[in-house]
Every structure is written in C-alpha cells, then in structure tokens.
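Here are my notes on the model, point by point. Please read them with the structure open.

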Amino acid sequence: MNHLHSFVLAITLLVGSVSVATAQDSRQDLRKGAVAYGAGDFATAFRLHMPLAEAGDAEAQYFIGSYYKQGEGVPQDNAEAVKWFRLSSSQGDYISQFTLGVMYERGIGVLQDNVISHMWYNIGAANGSLMSADSRAEITKKMTPAAIEAAQAMARECMSSNYENCGE
C-alpha cells in the first residue's frame, strides 16, 4: 500500500471512530436526559436533549416536543411542541406520529382537524403503533366516508414523499 492510500485509510478510520464516539456520546446524553427527566429534573433533561434534537435526533425531538407540550423544564407551548413532533415524525417516529394525531384530534396547538388526525394515526399505525391503529379506528367513527378517503390519500402522499407533503 502506498503512502497516499495509507493516509486516506488512516483518515477514514479516524473519522469513522469519531463518528462512532459521537453517536455513543449522543446516546449517552439521551439516556442521561431520560434519567434526569425520571428524577423530575426537567431543566437538566431539556438541556441534555435540546442539542441532540437540534442535530436531528428523532427521539430527542420527541422529548423536546413533550417538554413543551407538558411545560416541563420550559414554558408550556403547544405550537412549539407541534414543531418538534413534526420534525420527529418526518423521520418515521411513530410515537410522535401518534402524538400529532392526538393533537389534531383535540385541537392542541393546531386547529382541530379529524382528517389530519386520521392521517397521522394512519401513518403511525403503518409504522407499528398499536395506539395509532386503535385511535384511527375510533376517529373513523366520527368521519364521513369522503373524509376517511381524503385522510387515507393524504397518508399515502405523506409517506410516499418521505414526509415532505403531509397535508399541513
């Protein structure tokens, strides 16, 4: 192996080990934040989770949305909660998708909308959420066949666009 190849290999291994270490640090901070949350130290949990959420970690984004929804560690702000749940949902997080379904069903931080609620429940169910499937079945009872059809079409469009076109 010539010196250039050795150098490229060394750099590649170094970058890879830094990426693994960074990912492990992120997981560790996510766990530390969850422990702080469980202990009722919401400010510390928020402080640990926010950088991860801003970096695009879907689980941390869900936590940040939850803090804003509940007013834990931050002032309660449902609109801000919806923002973070959408970010997490766009990465396929079915818990955030279920939560958005609830928020649209109840009009929490958004205008109440059974069609969009059904869409999020449908997407969450497709991604493995039994709570979403159960909630979708319940909200379907309140909807017309045309509204259900619209919600299903919106769910298909949302998922096929990789969560870019989600009817909102």
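1. Tyr67 is buried, at 1% relative accessibility. This is a predicted model, and the value is computed from it. Phe63 is also buried, with a relative accessible area of 18%. That figure falls under the 20% cut-off, so Phe63 counts as buried rather than partly exposed.

2. How are the rings of Phe63 and Tyr67 arranged? They form a stacked aromatic pair, 6.4 Å centre to centre, with 15° between the planes. The angle is under 30 degrees, which is why the pair counts as stacked. Both residues sit in helix α3 (residues 58-70). They are 4 residues apart there, which puts about one helical turn between them.

3. The whole structure holds 8 aromatic pairs. Another of them joins Tyr37 and Phe42, with ring centres 5.0 Å apart. The planes of Tyr37 and Phe42 stand at 55°, so this pair is tilted. Tyr37 is partly exposed, at 31% relative accessible area. Phe42 is partly exposed as well, at 25%.

4. Now the charged side chains. How many salt bridges does the structure hold? There are 3. Glu80 and Lys83 make one of them, at 3.4 Å from N to O. Both lie in helix α4 (residues 78-89), 3 residues apart, about one turn of the helix. Glu80 is partly exposed, with a relative accessible area of 21%. Lys83 is partly exposed too, at 38%.

5. Lys142 and Glu105 form a salt bridge at 3.0 Å, N to O. Lys142 counts as exposed, at 53% relative accessibility.

6. Lys141 and Glu138 also meet in a salt bridge, at 3.0 Å from N to O. Lys141 is exposed, at 63% relative accessibility. Glu138 is partly exposed, at 44%.

7. Last, the chain as a whole. It has 8 helices and 0 strands. Buried residues make up 39% of its 168 residues. Among contacts with a separation of 6 or more, 47% join residues 24 or more positions apart. The accessible surface is about 9,200 Å². Carbon and sulfur atoms account for 58% of that surface.

Key: Residues numbered from 1 in each chain as written. Predicted model: local features only at pLDDT ≥ 70, side-chain atom pairs only at ≥ 80, totals over all residues. Heavy atoms only, no water. Phe/Tyr/Trp six-rings, centres within 6.5 Å; stacked < 30°, edge-to-face > 60°. Buried < 20%, exposed > 50% of the residue type's maximum accessible area, 1.4 Å probe, protein only. Helix = DSSP H or I, 4+ residues; strand = E, 2+ residues; numbered from the N terminus. Contact = heavy atoms within 4.5 Å. Areas by Shrake-Rupley, 256 points an atom, 1.4 Å probe, with all protein chains shown as cover. Salt bridge = Lys/Arg side-chain N within 4 Å of Asp/Glu carboxyl O.
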